[in-house]
Amino acid sequence: MKWLAAIMMATEIASAAVGVAACAQTAPAFTPQQKQELSTYNFKGAEAALEAQGIQPASKPSALTPIPPLKVPPITSRSLPAQSSPAGAPADKGSEVPLNWRPPHAELNAAAVSAAEVSRQWETGVATPTPGADGRVVYVFGQGMPVMVCAPLRVCAIELQAGEHIESQPQIGDSRRWEITPALSGSGLDETPLLIVKPIEAGLETDLIVSTDRRTYVFRLVSDPTRYVSRLAFQYPGEDAAKWAVFQAHQDAAKHDAEAVAEQAREKDKRAGVVPMAENAFNNLYFDYKLNGDAAYRPQQVFDDGQHTYLIYPNDGRFRELPTLLIQVNGKSELVNFRVDGSRYIVDRLFDKAILVVGVGKKQTRVTITRATPYSGSTGKRS
């Protein structure tokens, strides 16, 4: 009888195991409640009770401790269909997925869509590079996104403006597969910051942002198996305009200083009684004068500038007595004032004929000065 009871209990245990196995095949995972029930079940007590019942005859009721029931809630399958696992592979232990779950999504209004489109057009627009000195590929700053193409096992340099200072560490979208290293070229005011770019592998694409004390750069980085750009630099239209502004400011300052000096000279001449030369004097210079008389008192040269007449003498101190200047007006001689500036006689008017007179009576010496082309006495202009 003992062996019969043992066989019956073994059959019940095997049936229970088969039922659990069948559930395990239909359900890919236990719920937390099922796991909790199984973890707290007294398997040792149940085993002792079964052993005790196996000693007693099957026909008599057992007075020993009853076998506690295995209270495990039925296992329910997940909402997603179970996928068959290959032989020997562990069962799927993934977590539950809500029935109505959807990935996160942010709605964009019209302004956001427009802003994204403007940015896309700028990023995908063609910024035309041009060849520069020493192998540089030159972009115009601000006209589209510059593209730096580099290849594995190559180093590529981004050259910023001389005297520019990088404010903070450059920000790159893929810092794991791209290396960005700073460097410097030159010294003093000509010190130029460089960024050395190296990709780990080909077929990569990301973006790079560099902020300096003058501007912010945005680059597109692309890695190619063989093609690359050794040096990338920029042309700055705004800087060219600033240079012209500085140049114009220097010109304006120089003109202001020259005008101030000229004004001071005019004030000095005014105090000294000097009549300034006309602005267009050099365009109106006239030299065709005829001289007759004593060679000792004859001027070396006579000319006018349209407003003043100049009598130039050698600077040899020949005069013990200054000659008197008379001009002929309508057949009459008139005394005219003149100024002596070193070896020059300056007459503040034009004339057709004049006479230099030294001495009186029989000892009087004269020099006649005649203008070859008469002028209009009322206007002072040549006829």
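How many aromatic pairs does a search of the whole structure find? The points below start there.

1. **Aromatic pairs.** This is a predicted model. A search of the whole structure finds 14 aromatic pairs. One of them joins Phe 141 and Phe 234: the ring centres are 6.0 Å apart and the planes stand at 75°, so the pair is edge-to-face. This pair links distant parts of the chain. Phe 141 sits in the loop between β2 (136-140) and β3, while Phe 234 belongs to strand β10 (residues 231-235), 93 residues apart.

2. Phe 141 has a relative accessible area of 26%, so it is partly exposed. Phe 234 is buried, because its relative accessible area is 12%.

3. **A tyrosine pair.** Tyr 286 and Tyr 289 also form an edge-to-face pair, with 5.7 Å from centre to centre and 75° between the planes. Tyr 286 counts as buried at 10% relative accessibility. Tyr 289 counts as buried too, at 11%.

4. **Cluster and charges.** Phe 141 and Phe 234 are part of one aromatic cluster, together with Tyr 217, Phe 219 and Tyr 236. Arg 215 lies over the face of Phe 141, 5.3 Å from the ring centre. Arg 371 lies over the face of Tyr 286, at 4.0 Å from the ring centre.

5. **The disulfide.** The structure holds one disulfide. Cys 150 and Cys 156 form it, with their sulfur atoms 2.2 Å apart. The link is right-handed, with 90° about the S-S bond. Cys 150 has 0% relative accessibility, so it counts as buried. Cys 156 counts as buried as well, at 1%.

6. **An open sheet.** Four strands form an open sheet with mixed pairing, in the order β3-β9-β8-β5. Its edge strands are β3 (147-150) and β5 (171-172), each pairing on one side only. Strands β8 (residues 205-211) and β9 (residues 216-223) run antiparallel and are joined by seven bridges. Asp 207 has Arg 220 in β9 as its bridge partner.

7. **The chain as a whole.** The secondary structure of the protein chain comes to five helices and 21 strands. Of its 383 residues, 23% count as buried. The chain exposes about 26300 Å², and carbon and sulfur atoms supply 56% of that area. Among contacts in the chain with a separation of 6 or more, 59% come from residues 24 or more positions apart.

Definitions and conventions
Residues are numbered from 1 along each chain as its sequence is written. This is a predicted model: local features need pLDDT of at least 70, side-chain atom pairs count only at pLDDT 80 or more; totals for chains, interfaces and linings use all residues. Side-chain values use heavy atoms; hydrogens and water are left out. A disulfide is a pair of cysteine sulfur atoms within 2.5 Å. Buried means under 20% relative accessible area, exposed over 50%, partly exposed in between (1.4 Å probe, protein chains only). Two strands pair if DSSP finds at least two bridges between them. Helices (H or I, at least four residues) and strands (E, at least two) are DSSP runs, numbered from the N terminus. Contact means heavy atoms within 4.5 Å. Accessible areas come from the Shrake-Rupley method with a 1.4 Å probe; for residues, only the protein chains shown count as cover. Rings of Phe, Tyr and Trp (its six-membered ring) pair if their centres lie within 6.5 Å; planes under 30 degrees apart count as stacked, over 60 as edge-to-face and the rest as tilted. A charge sits over a ring if NZ of Lys or CZ of Arg is within 6 Å of the ring centre and within 35 degrees of the ring normal.
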